[in-house]
Amino acid sequence: MQLKIMPKKKRLSAGRAPLMLFLCQMISALEVPLDLVQPPTITQQSPKDYIIDPRENIVIQCEAKGKPSPSFSWTRNGTHFDIDKDPLVTMKPGSGTLTINIMSEGKAETYEGVYQCTARNERGAAISNNIVIRPSRSPLWTKEKLEPIILRNGQSLVLPCRPPIGLPPPIIFWMDNSFQRLPQSERVSQGLNGDLYFSNVLPEDTREDYICYARFNHTQTIQQKQPISVKVISVDELNDTIAANLSDTEFYGAKSHRQRPPTFLTPDGNTSRKEELRGNVLSLECIAEGLPTPIIYWIKEDGTLPINRTFYRNFKKTLQIVQVTEADSGNYQCIAKNALGAIHHTISVTVKAAPYWIIAPQNLVLSPEEDGTLICRANGNPKPRISWLSNGVPIEIAPDDPSRKIDGDTIIFSKVQERSSAVYQCNASNEYGYLLANAFVNVLAEPPRILTSANTLYQVIANRPALLDCAFFGSPLPTIEWFKGAKGSALREDIYVLHENGTLEIPVAQKDSTGTYTCVARNKLGMANNDVHLEIKDPTRIIKQPEYAVVQRGSTVSFECKVKHDHTLIPTVMWLKDHGELPNDGRFTVDKDRLVVADVNDDDGGTYTCVANTTLDNVSASAVLSVVDVPNPPFDLELTDQLDRSVQLSWTPGDDNNSPITKFIIEYEDAMHEPGLWHHQTEVPGTQTTAQLKLSPYVNYSFRVMAENNLGRSLPSEASEQYLTKAAEPDKNPTAVEGLGSEPDNLVITWKPLNGFESNGPGLQYKVSWRQKDGDDEWTSVVVANVSKYIVSGTPTFVPYLIKVQALNDAGFAPEPAAVMGHSGEDLPMVAPGNVRVNVVNSTLAEVHWDPVPLKSIRGHLQGYRIYYWKAQSSLTRNRRHIEKKILTFQGSKTHGMLPGLEPFSHYTLNVRVVNGKGEGPASPDKVFNTPEGVPSAPSSLKIVNPTLDSLTLEWEPPSHPNGILTEYTLKYQPINSTHELGPLVDLKIPANKTRWILKNLNFSTRYKFYFYAQTAAGSGIQITEEAITTVDEGKLAMASRQVDIATQGWFIGLMCAVALLILILLIVCFIRRNKGGKYPVKEKEDAHADPEIQPMKEDDGTFGEYSDAEDHKPLKKGSRTPSDRTVKKEDSDDSLVDYGEGVNGQFNEDGSFIGQYSGKKEKEPAEGNESSEAPSPVNAMNSFV
């Protein structure tokens, strides 16, 4: 099925309204091609009411088209206007436009009148509107003598303007001699007629230059009235002479200057009428006088004012309704009201209408024998009369045409012939105006032609409507068909829409819509076709939109806008602020995808829009920038409701800087007692701007307010005025009242004084009262100055007292204070604790018990009990040493305590004393106890000396802390092979009296690890470990450690022996030479000073490497130095409660062997240095030398 022209488009969604407007424009634009015969058509003409400037030439426009080209003629005031007879009038060639040259000579008034243009050719005649020519006028004010106006304060006044009648009417305004507009308000305003109305006058209205100006826009001239002088006086100002010579009637009016209800200055009466034409602006005015100044209100009786078309002007004294319609007719009421009453005026509004089109006649092209109609339908109020003309002649007297029939507002044509061609005029008129329309009937026989350019390319964005144009002409009217592609497949009606003007609409164009489309026009006289091309483009999209931002003033913000577009289109991206251009400011920088605003200020807040444009579409995305900051300080602080103990503070909030204020903080300053120091008073919610503040007496207050939002706190406001409250007695008494004696016979009463703010008045003092708690004595009182202490002398020792301290000032006493308990001074306790018992728990812990001391003997506050204990002498050696007593204090009333950290197998002495606030009492009798044996500490040292091929000699010193009687030593040792594996463990018991032991039958060239510890009856002590090696050639051993794979080869062993022998000989020679020049043996020198150059042997130097065993768990470190005596001494510390010899450092002898003492802690740390224990030898010396 082929798609043909639809006679009528039945349905169009609201979303396609713009499309419909476009199509209507295309339909109305269809015209007969100018190369075809056609009647004239008026294309341009001057307005109906044509006001001209008399200083310029008059130009009356009349342009028309037609085939053949039309000729033009004019009528003036209904008769033929012969332009050839007037030398000042010329007609533009090829046009009907007239130019009247009045600038050289002549007057504009000569050419006033009604002009009409006629355009004519062989097919008919078209006429223009009646063009009324009137020159503009700007006459001067008539001369008049204006007397000064004198009136009382409060009277009403109307200053008349009465401008000269001009054409068009002038614009009126009031100014002074300095050309400054006079201020207007609800009290003073200008009416629609130009008069200046005063509802009541004030003394400041006195002036001598009230001037009314009339501006005539058409001639660009301004005329002014003579200045009016106004003087406002009060009767009280008149002296007796003036009052006697000036009667009330000589004043402007005779109304009282007292307050009065409103009356209307305009309009007059209670009712009035107003008529307005449809489409104009309806302006209703009510101006009232009264004192106080009345307020104007407007209502419509039996209706409501149209919301979108109603506006109030001139301080609501003028009501305007734009685009007024017949529905706006009715009664409108203005109400003037003040405190003394109200008055109203009713305006009856009637809306009339000049004629307006319902259906205007359209050009009609018919082929011979066709039928057609011309319709001319108009409306108005009153209803207009329709009349027809043919070629400018009333149709009643026009030549008869059998093919036409007139039926009111319609002309019906039947079987027209070529002679039926003509131009018809429809005139719709009533008393308010007329409408004139030309419409031709052109009878033609023409085959179809397509007016759209061939091969036009249309580019459309995907998913949008595509409109392919096929403007055509033909008579009879051709039918239109559309095809797509070379094969000519007809387009289906359910997908495409064909409009009456030939346009093909694709409602939703897709990528597959791309291609070539063919438009075919046919009528009975022939056929025409045209190809157009359609390309579908990808839509432009913003894939990264700018986002809403809230930034603080002074920071930097950026908005991102990334655009994706069709690759064949080139987009341009621009940024807008609040729908306008970006500010011309260097703080705004734009790059490819981003807008950056630096140093943001308050003016930068707003809506930022990214707009991406291509030749086919545009997209935009917006984001709002809110510039926030801490609030501005509040201002206008005011104190009201000032009472003795309260005041109301009000303030005006500062700008919240786009972040709502959450609270207000109020602070006060006491200028009398603490000037310059601000204290927190209270806080109120951010919605509150007043606060009722509680005050203290005798304070010179100033207040300030700070606002706070989510970003922080504002600066403080300016301080309020000062407010000094009256003095009163103190509200409170001193706090922290205490009674403590500094001596056994006194009572020191102390308190925390009131500050100046709390004093409530001048003359602050304190009444101090006391009496014994357990006696019947009366209160003893004394009044002291503003101090914080009072001493009562001659009191018994440590007796409870009741104490009171009361504040007073010149206005009176504070409330009665509560009594607190204190005590007179303490003395040392008189009695020692009794029945002291000691229970030894173990070798390092004992428990002590005692009986409490009676409270009366303590003579003070019990602080606790204190145990003195000391180690008297060793149970084993009984050597006398310096005795250092140790102290443990037990708080409160405890009667037992534990003594930790005792040394085992020791003799201790202790005593117990009671403690009060004054000091210690006498000591209890000494109590002696002994601690049992414990395990010994590690041996103080362990040395391995005199190594041979099969023996090693061990020397040691006993433990520094045997903690009992030593019973024996235990020595365990085991060999270590070259892969650091441990051999079988040998266990050996050595008598306790030995300090030297020789191990024999050992393997040569073998490393051994030794574990050595002492024992008492309590058990084994802490072991010490050491390593040593039986004699071996150190050079060969070093090679063996580096290259294990050749160390067992015979040739290598022989070579190493030869090298070692050579080195040994060289060293012997060196020793002999040194002994000749020295004064003491090398051995003694090395024993006295450790050689700093001797370093322990390292693995790559031929020495043994590191290893670990099951007890040490860490590799032995290298690189430590040892003193020459090859021993490690343990630091003694008899003073520590728990001292088990931690922190002993290992040391090395000259040949790098480790000689040290191991404690329990040391056993867990890696031993340092090489473990060789050999005595000095030439080989060792060689190693050190190397």
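This report walks through the disulfides in a predicted model.

## Ground rules

Residues are numbered from 1 along each chain as its sequence is written. Since the model is predicted, local features need pLDDT of at least 70 and side-chain atom pairs count only at pLDDT 80 or more, while totals for chains, interfaces and linings use all residues; side-chain values use heavy atoms, leaving out hydrogens and water.

## How many, and who pairs up?

Searching the whole structure turns up six disulfides, each being a pair of cysteine sulfur atoms within 2.5 Å. Count the bonded cysteines in sequence order and the pairing reads 1-2, 3-4, 5-6, 7-8, 9-10, 11-12.

## C62 and C117

Here the S to S distance is 2.0 Å. The torsion about the S-S bond is about -70 degrees, so this disulfide is left-handed. C62 sits in strand β4 (residues 62-67) and C117 in strand β9 (residues 113-121), so the bond ties together parts 55 residues apart in sequence. Strands are DSSP runs (E, at least two residues), numbered from the N terminus.

C62 is buried, at 0% relative accessibility, and C117 is buried at 0% too. Buried means under 20% relative accessible area, exposed over 50%, and partly exposed in between (1.4 Å probe, protein chains only).

## C470 and C519

These two are joined with their sulfurs 1.8 Å apart. With a torsion of about -60 degrees, the link is left-handed. C470 is in the loop between β40 (466-468) and β41 (472-475), and C519 is in strand β46 (residues 515-523), 49 residues apart. Both C470 and C519 are buried.

## Partly exposed cysteines

C1057 is partly exposed at 37% relative accessibility, and C1070 is partly exposed at 42%.

Notes. Helix = DSSP H or I, 4+ residues; strand = E, 2+ residues; numbered from the N terminus.
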